[in-house]
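Here's a quick tour for anyone new to reading protein structures. Have a look at the picture first, then work through the points below.

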Amino acid sequence: MAVILLCGAAGSGKSTYARRLETDGWVRLCFDVETWRRGVRTLPAPPDLLPGIEDELEARLAEAVRAGRDVVVDLSFATRELRDAYRGLAADLGAVAETVHLPVDMSTALDRVRQRRDTGPDDYRLTDEVVRAQLEGFDAPTFAEHPLTIVDGDLVLRHARPADVGELLEFWSGSAENASRPQDSEVAVERLLARDPAAVIVADVDDRIVGTVIAGWDGWRAHLYRLAVGRDVRGRGIARQLLRHAEERLLDLGATRLDAMVLDGNEAGAAVWRAAGYAPQGEWSRWVKPVGPRQTPGGATVE
């Protein structure tokens, strides 16, 4: 059973995405569907209708989750406050709500909405002024909100999941260009995800991992590492997108300075960091003490 909070401004493609899930058997909860069902043919809807619709959607969400149904909540979720509220509702029901954000640029949003003809709940007309106001005031989610998926064309950016551990290790073995780093292990990555489930951000194309970054946060310091992109998709700006989202997560968490692990000699990687405003800090050196796995009293290896 899954719960998706479908997040996006007018013209982002939310209705198309939600209807596809509905065709696959998901329960779709949609504010515009409810206003249309109540006879509203133009937006904005009368304010006195809104509380009743909100109460009904929340009740139907609870009913669907208790029945073990997959649910997509098709609202704009334009504020962190609303996303937090629905995540809390799902958590109270024993479910984890994943935010799926569909970003859209102003030109595309205006073009799509101008084609609407008020023929149904997914076709409400909006003025250009309303569309612009929605986009300009949209509080887009960051990867400080967990779990989050961003769908941008064929590129999907998302939090790593425990089920990704094997694929992550395989990807890093071929794309994380640092032969001197300690040997990765499933136990270590699983431990990282258990401690901070939002730390690892991955990029997918065609359902395969093509990029990663780890945005580590200990409550005081912010640390970026494992920025890697598959050789076959380099040049698309994926590293820049991963880095931007990692920075937004850390800033949301309260970071005041970001530091990064950059391999000496990796000029292509260094160029990405320099373009993002990073520079070597010459007065400090990194000191390392390899310790390796240790043995417990019973003889088991702990990594």
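A residue counts as buried when its relative accessible area is under 20%, and as exposed when that value is over 50%. Keep in mind that this is a predicted model. With that in hand, let's start with one leucine and then move on to strands and helices.

**Leucine 110**
- You'll find leucine 110 in helix H5, which covers residues 106–114.
- Is leucine 110 buried or exposed? Its relative accessibility is 7%, so leucine 110 counts as buried.
- Not counting residues up to four places away in sequence, leucine 110 touches Asp128, Val131 and Arg132.
- Glutamate 129 sits 19 residues from leucine 110 along the chain, and their C-alpha atoms are separated by 9.6 Å.

**Strands S4, S5 and S6**
- Strand S4 (residues 97–101) pairs with strand S5 (residues 148–152) in the parallel sense, over three bridges.
- Aspartate 152 has leucine 155, in S6, as its bridge partner.
- S5 and S6 make a hairpin with two residues between them, and glycine 153 in that turn has a positive phi of about 65°.

**Helix H9**
- How far apart are the end C-alpha atoms of H9 (residues 238–253)? They are 23 Å apart, which agrees with the 22 Å that 16 residues should span at 1.5 Å a residue.

**Helix H10**
- In H10 (residues 267–275), Gly269, Ala270 and Trp273 are buried.
- Looking down the axis of H10, you'd see these buried residues fall within an arc of 100°, so they line one face of the helix.
- Here's a handy rule: an α-helix has 3.6 residues a turn, so residues three or four places apart point the same way.
- Glu267, Ala268 and Ala275 are exposed on the other side of H10.
- What do the buried residues of H10 pack against? Their partners are strand S9 (222–229), H9 and strand S10 (258–260).
- H10 is followed by glycine 277, and its phi is positive too, near 100°.

Methods: Residues are numbered from 1 along each chain as its sequence is written. This is a predicted model: local features need pLDDT of at least 70, side-chain atom pairs count only at pLDDT 80 or more; totals for chains, interfaces and linings use all residues. Side-chain values use heavy atoms; hydrogens and water are left out. Helices (H or I, at least four residues) and strands (E, at least two) are DSSP runs, numbered from the N terminus. The expected span of a helix is 1.5 Å times one less than its number of residues. Buried means under 20% relative accessible area, exposed over 50%, partly exposed in between (1.4 Å probe, protein chains only). Contact means heavy atoms within 4.5 Å. Two strands pair if DSSP finds at least two bridges between them. The arc is that of the directions from the helix axis to the C-beta atoms.
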